[in-house]
Amino acid sequence: MFDNLGLDAHMLKAVRDMGYTEPTPIQEQAIPLALEGKDLVACAQTGTGKTAAFILPSLQRLNERDVTATGPGREPNGGRTSPGQPAKRQIRALVITPTRELALQIDEVARTVARTTGQRATAVHGGVGYGPQLAQLRRGVDLLVATPGRLLDLQLRGDLDLSHVEILVLDEADRMLDMGFWPDVRRIVNSLPTKRQNLLFSATMTPTVLRVIGATLTNPVTINVAPSATPVDEVEQAVYPVHQEQKTDLLVELLNKRDLNRVLVFTRTKHRADRLCRVLERSRIRGAAIHSNRSQPQRQQALDGFKRGDYRVLVATDIVARGIDVDRISHVINFDLPSKAEDYVHRIGRTARAGAGGTAISFMAAEEINSLRDIERLIGTVIPCHDLEGFDYVQRVVPSPERTAKRTPPRLVYAGSKKAASRRYSRSR
Ligand code: AMP
């Protein structure tokens, strides 16, 4: 029950506005502790409801202190300026997140919640002009959501005053480290007031993340969302062994044959994403690509079109796809397996959001068998292999069904003459 977490009437209204009835495990654990002002380290993937877990307590705490300062009422910034002076809003909560898409999604939640208290939230991120963001900042902001590069830029230009930050949220800390954002993040964090509350969210707790935690947080309380509550368990998973060169045909045939209506496809590179999109177009399958070489308006257009259902397929690379929050994605297809096993978990977490079922299909070429093993070791299960009925497979490697996640060597399956198959097999290695 949201009623038992210590949230006030404004926040409970925001929860209703967002259509949530029961808190997710991360919300249940994080909200009461964050409301007490504790530093938190939460190990939670996107899709677990972590955004509300940090936005609700952050805005409530800022608002409570406003109310204390001014008595009843909800004047902006608690009238911390002298009577008669117009109240100047200061950035008192700062959320740093790795990608623009995540920044926009968090901003959407933050604005919905802020509306109930009369507070203001906005987002700054790269890929768009400075003008509108500067205008928003000048109007005054209580909670700022930002990607590291743009945030540092604005700070260095002198357009941003972070000297009033009381709450810092580091979202997807592991991803920010992976993407090489840490030097920027550290510079920003070092410029903040030292007396502040820190909330850190990370999908994985690598040694580097733990080092960062040690350097940034004071006696944090650690929260782990139980593995059984992770989206992975709710996703039906399958591996489709296929020769690298047949992946495109297999995808097109799968999309033509089966009732896959809202499909997120992951490729290893931007180039492969674009190429695949062109092939889909030629096959009259409505699709769009989203990756970091595309401009922000192009990315937004692709994402909005996918959300509206104009596109049946969204082809993405890992970096931008992380955290994409689109309802009712029926299938995630790993056109290429990710080289990092954790990315598999993030990818398939895009389907089966908030308890709804979903399917993840992974195409696996011979050269990807080690990636599959790593993934199976990480998730602790062996993913069953399937074939698309009627598809004209050439030679490929099918991992044996009784394999353990560690050992069993792959079984060579081929079509055509044995000799030709083994020639093709050795070429593909
Ligand atoms: P997040 O992990 O914050 O990206 O949230 C994942 C998805 O779950 C979003 O679509 C949220 O709107 C949704 N969500 C978050 N909390 C709840 C909740 N308590 N009940 C239902 N849906 C939720």
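**Note on the predicted model: strands, ligand site, loops and cysteines**

1. I223 is part of strand β7, which covers residues 221-224. The model is a predicted one. I223 has a relative accessibility of 2% and therefore counts as buried, the limit for that class being under 20%.

2. Strand β13 spans residues 358-364 and contains S362. With a relative accessible area of 1%, S362 is buried. The side chain of S362 has a polar partner: a contact of 2.9 Å links it to the side chain of N334.

3. Q237 sits in strand β8, residues 235-241. The relative accessible area of Q237 is 15%, so this residue is classed as buried. Its side chain forms a polar contact of 2.6 Å with the side chain of Y344.

4. Turning to the ligand, which residues are closest to it? They are E22, Q27, G47, G49 and T51, out of 15 residues that surround the ligand. Sorted by class, this shell consists of 4 nonpolar, 7 polar and 4 charged residues. Both domains contribute: domain 1 (2-228 + 412-426) and domain 2 (235-379) each supply at least three residues of the shell.

5. In the side chain of Y20, an N or O atom is 2.9 Å from a ligand oxygen. For Q27, the distance from a side-chain N or O atom to a nitrogen of the ligand is 2.8 Å. T48 takes part through its backbone, where a polar atom is 3.1 Å from an oxygen atom of the ligand. The ligand by itself would expose 500 Å², and 82% of that area is buried by the protein.

6. Most residues other than glycine have a negative phi. E172 is not a glycine, yet its phi is positive, near 50°. E172 belongs to the loop that runs between β5 (167-170) and α7 (173-178). Is E172 buried or exposed? At a relative accessible area of 2%, E172 is buried.

7. R284 also has a positive phi, about 60°, without being a glycine. Its place is the loop between α11 (270-282) and β10 (287-290). R284 has a relative accessibility of 78% and so counts as exposed, the cut-off being over 50%. In short, E172 is buried, whereas R284 is exposed.

8. On the cysteines: how many disulfides does the structure hold? The number is 0. A disulfide is a covalent bond between the sulfur atoms of two cysteines. To be counted here, a pair of cysteine sulfur atoms would have to lie within 2.5 Å. C385, by contrast, is partly exposed, because its relative accessibility of 27% falls between the 20% and 50% limits.

Definitions and conventions:
Residues numbered from 1 in each chain as written. Predicted model: local features only at pLDDT ≥ 70, side-chain atom pairs only at ≥ 80, totals over all residues. Heavy atoms only, no water. Buried < 20%, exposed > 50% of the residue type's maximum accessible area, 1.4 Å probe, protein only. Near = heavy atom within 4 Å. Polar contact = N/O pair within 3.5 Å; in protein donor to acceptor, adjacent residues only side chain to side chain. Areas by Shrake-Rupley, 256 points an atom, 1.4 Å probe, with all protein chains shown as cover. Nonpolar A, V, L, I, M, F, W, Y, C, P; charged D, E, K, R; others polar. Domains from an automatic or database assignment. Helix = DSSP H or I, 4+ residues; strand = E, 2+ residues; numbered from the N terminus.
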